[in-house]
Amino acid sequence: MRIALGLQYNGAPFSGWQSQQHRNTVQDVLERALTSFATCPLKTVAAGRTDAGVHALGQVVHFDTEVQRPMFAWVRGVNAFLPDSIAVQWAKQVPAEFHARFSAHERTYYYMLYTHAIRSPLLAGRAGWVHQAELDLSAMRAAARILLGEHDFSAFRSSECQAKSPCKHLYALDIEARGHFIHFRFRANAFLHHMVRNIMGCLIEIGRSRQSVDWLKIVLAARERRHAAPTFMADGLYLAQIGYPLALSVPAPELASQSWGEVWSHSS
């Protein structure tokens with residue numbers, strides 16, 4: 001049978017999701033835990049390959065197995081073999097045609113940015129940081145509207161990106177400020193490698209008034225990575241949710257804290 005799992009993880013200790021030789025990755029640690037619990041090798045497929053330092057609130061994976069266990073056992077039993085930085089949130093038997101990556105029709109990422117003159121060690125690895133207490137939110141929101149819709153996002157694409165097409169549809173880019181935090185929500189049909197972090201780099205340049213809103217139009221139209229801002233840090237990036245057809249009944253993730261839901265409740 002095919003089983004899907006919902007995962008949360010702190011990506012700071014890991015070299016990304018995807019298995020790598022002689023590297024500490026989320027996939028490697030999860031598959032070792034699954035193998036220990038099931039007492040046979042199990043291989044997983046993920047909805048998205050998060051980079052080093054990127055976190056997940058709602059990662060989804062699937063695997064095939066002949067091992068019979070109650071669904072709750074795939075949660076509690078596998079978690080017993082996982083470090084504190086990774087936890088299975090739910091398990092569900094899914095149809096054989098379900099694919100964690102290819103069955104998805106949209107993805108949502110959050111970025112949490114801390115704006116303060118002094119860095120906070122308690123937020124290290126969990127939030128991005130700029131040493132400027134105030135950014136121009138109006139300018140950043142105006143720039144964000146430029147990116148909405150279907151575009152060629154080559155200017156925001158990593159040179160290592162393996163996507164067949166640079167054209168993606170960005171459905172929403174919401175920006176909300178609370179105290180010294182600015183929360184960004186990106187929702188699209190799919191994302192290119194480093195796309196969110198490269199957009200973040202540009203938005204922060206505009207928020208700092210180092211670039212104009214119209215500059216982002218030029219960057220987008222140029223379709224060349226060299227015209228955009230440097231890739232911003234991974235620390236505050238969270239894979240929040242994977243969207244699937246309702247008929248599949250894939251559980252929505254329970255977010256890491258109620259504050260996430262409060263910030264986005266008006267726009268979800």
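Where is Asp51 found? Asp51 lies in the loop between β2 (45-46) and β3 (55-64); strands (E, at least two residues) are DSSP runs, numbered from the N terminus. The model is predicted, with local features needing pLDDT of at least 70 and side-chain atom pairs counting only at pLDDT 80 or more, while totals for chains, interfaces and linings use all residues. Residues are numbered from 1 along each chain as its sequence is written, and side-chain values use heavy atoms, without hydrogens and water.

UniProt, in an unreviewed entry, annotates Asp51 as "active site"; such annotations may be inferred rather than shown by experiment. Asp51 counts as buried because its relative accessibility is 19%, and buried means under 20% relative accessible area (1.4 Å probe, protein chains only). Apart from neighbours within four places in sequence, Asp51 is in contact (heavy atoms within 4.5 Å) with Gly16, His193, His194 and Arg197.

β2, β5 (106-115), α4 (195-207) and β10 (237-243) each supply at least two lining residues.

Tyr109 is in strand β5, and the unreviewed UniProt entry lists Tyr109 under "binding site". Tyr109 is buried, at 12% relative accessible area. Beyond four places in sequence, the contacts of Tyr109 include Phe191 and Val196.

Note on methods. Helices (H or I, at least four residues) and strands (E, at least two) are DSSP runs, numbered from the N terminus. Buried means under 20% relative accessible area, exposed over 50%, partly exposed in between (1.4 Å probe, protein chains only).
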